[in-house]
Amino acid sequence: MTFLYLGCLLISLAAMVLLDARFRLVFWRDARRAAIGLGLGLAFFLAWDAAGILLGVFARGESPLMTGVELAPELPLEEVFFLLFLCYLTLVAVFGARAVLDARRRAGRRREPERESAR
């Protein structure tokens, strides 16, 4: 049993938390709403995985990099952390893009009076 893949997922999640904290994008903006959104996303994708497993579409692959711990048949422990990372990444990316666009819009509004006075 190895924890390499799980360790990489946890390091990636930690980096996402640091980005979120630094720029106050998701949990540091509104922790309650962020937890609800992350929980709903995780529940949706776990249900999606369960449906795929029941239909025979998804199967657990063997890898020496995984722990070997299964939460349910064909559902490895690492899948939960991957889905958590995926949902959190999406929230950080969306709110990060929104923050960048808002900052650009504010900067554009500050420059408009300068253009008009130059005429």
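**Aromatic rings and cysteines**

Modeller: Tyr88 is buried, with a relative accessible area of 3%. This is a predicted model, and a search of the rings in it gives 3 aromatic pairs. In one of them, Tyr88 partners Phe27: the centres are 5.6 Å apart and the planes stand at 80 degrees, which is edge-to-face. The pair links distant parts of the chain, 61 residues apart, since Phe27 sits in the loop between helix H1 (4–23) and helix H2 (31–54) while Tyr88 belongs to helix H3 (residues 77–118). Phe27 counts as partly exposed, at 24% relative accessibility.

Another pair is Phe44 with Trp48, whose ring centres lie 5.7 Å apart; the planes meet at 50 degrees, so this pair is tilted. Both residues are in helix H2, 4 residues apart, and that separates them by about one helical turn. Phe44 is partly exposed, with 47% relative accessibility.

As for the cysteines, the whole structure has 0 disulfides. The closest cysteine sulfur to that of Cys8 is in Cys87, at 20 Å, which is too far for a bond, because a disulfide needs the sulfur atoms within 2.5 Å. Cys8 is partly exposed at 42% relative accessibility, whereas Cys87 is buried at 9%.

Note on methods. Residues numbered from 1 in each chain as written. Predicted model: local features only at pLDDT ≥ 70, side-chain atom pairs only at ≥ 80, totals over all residues. Heavy atoms only, no water. Buried < 20%, exposed > 50% of the residue type's maximum accessible area, 1.4 Å probe, protein only. Phe/Tyr/Trp six-rings, centres within 6.5 Å; stacked < 30°, edge-to-face > 60°. Helix = DSSP H or I, 4+ residues; strand = E, 2+ residues; numbered from the N terminus.
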